[in-house]
Amino acid sequence: MPDTPEVHARLRAIVEALPDPELGLTLGELGMVDEITVTGQQITVRIALTTPGCPLKSQIKSSLANAIDGSELSGRALRVEFSELSSSQKERAMQLARRGVQLRAQTPPSLVGTQLLAFSSGKGGVGKSSIAAAVAHVIAGRGHHVGLLDADIWGFSQAQLLATGEERLEAEGNVESFRIKPHRTPIGSGSLDVVSMGMMVAEAGSAIMWRGLMLSRALQHFIEDVDWGNPDFLLIDLPPGTGDIPITLARLLPSTTVAIVTTPSSLASHVAERAGSFALKANLSLLGVIENMSSIECPHGDRLTPFGSGGGDHIAKAYDIPLLANLPLTTSLEHQPELIELSSRILEELGRRDEGLLRCSARLWDAVAAP
């Protein structure tokens, strides 16, 4: 076959359709096809990789050779060269790869129809776990079936916060098909189901000596192997930071919405801002910001701000999301009017989000159904 623009177009189509064995999308989708040249019977293809030391070079090369041998371009000599993606190209490729994994993710049957809300923070000690527990309790008290997943495998605290530390999780079924039963507490006309490592360890002070893969697998079990029973809401208490657990959550439950918890200080808010950056890079949506320990009321009536001010507002403006609440500094989050108001605001924002998605779906359906 002579060298023509058609030959080059056909060759590019073959190369771009080749799947990257690690990222799961095609080389064309990932922007990894750097250059293609044809000189007589010689084909030269240069592939840009995410890293020069990629161990899958030989697999990519053999897959490309097989694809060309099985086409009308068979018989030509193939030379495969490798280069490296630029920083911006690499970021785009990883973003596409993460999104591809999320699109293929299947919601566990016991969470179909459940609204998912994760509480995230940049650093520990901002009251994230206490807020998650209190909000779960308030929402359940309004007649909802609420699940609370303590995803902080290392720093589990929900069992202690909710006084269920003496309870132990039970499982039903056999080794091939077992289901973990969450600990259920009736609250008014609703109920609160809790799963935490604090209900599995022998003592609350026991350290969990696990690294990345084991942490991710533990979260996967808590999501996929727990009989959540399709609660109205599943609140997820994430560990601080942007490590293995949040990454796994984004992969397994990509429809999760994130609320960022911070204190008012500028240092805490700048660290918490990274949680927002992570959520966006992981294709998760942001619900809003909760500023905790905003102020304290003295006995003589003055209100003090020992940790400064403006941190929550800073993050809200940075990501154009609502500031959901300014919670006071207190020894207990129970029965706070601000907490009840926060829970109402969360339900309102989640409802508004779902309504917006329904409107988008309706417009899409109208467009498809239009004559």
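Modeller: The side chains of lysine 90 and glutamate 84 form a salt bridge, with 3.2 Å from N to O; the term requires a side-chain nitrogen of Lys or Arg within 4 Å of a carboxyl oxygen of Asp or Glu. The model is predicted, so local features need pLDDT of at least 70 and side-chain atom pairs count only at pLDDT 80 or more, while totals for chains, interfaces and linings use all residues. Residues are numbered from 1 along each chain as its sequence is written, and side-chain values use heavy atoms, with hydrogens and water left out.

Lysine 90 is partly exposed at 26% relative accessible area, and glutamate 84 is partly exposed at 41%. Here buried means under 20% relative accessible area, exposed over 50%, and partly exposed in between, with a 1.4 Å probe and protein chains only. Side chains of opposite charge can pair when their charged atoms come close.

The structure holds 15 salt bridges. Among them, glutamate 297 meets arginine 303 at 3.0 Å, N to O, and arginine 303 is partly exposed, at 48%. Another joins aspartate 34 to arginine 46, whose closest N and O atoms are 3.3 Å apart. This pair links distant parts of the chain, twelve residues apart: aspartate 34 is in strand β1 (residues 33-39) and arginine 46 in strand β2 (residues 42-49). Strands (E, at least two residues) and helices (H or I, at least four) are DSSP runs, numbered from the N terminus. Both partners are partly exposed, aspartate 34 at 38% and arginine 46 at 25%. A network of salt bridges links Asp34 and Arg46 with Glu35, Arg79 and Glu81.

Elsewhere, eight strands form an open sheet with mixed pairing, in the order β8-β9-β5-β10-β4-β11-β12-β15. Its edge strands, β8 (183-187) and β15 (323-326), each pair on one side only; two strands pair if DSSP finds at least two bridges between them. Strand β12 (residues 285-291) pairs with β15 in the parallel sense over three bridges, and glutamate 291 stands opposite asparagine 326 in β15.

Glutamate 291 is also one of the residues touched by threonine 263, together with Val126, Met293 and others, not counting residues up to four places away in sequence; contact means heavy atoms within 4.5 Å. Threonine 263 lies in the loop between β11 (257-262) and α8 (266-281) and is buried, at 9% relative accessibility.
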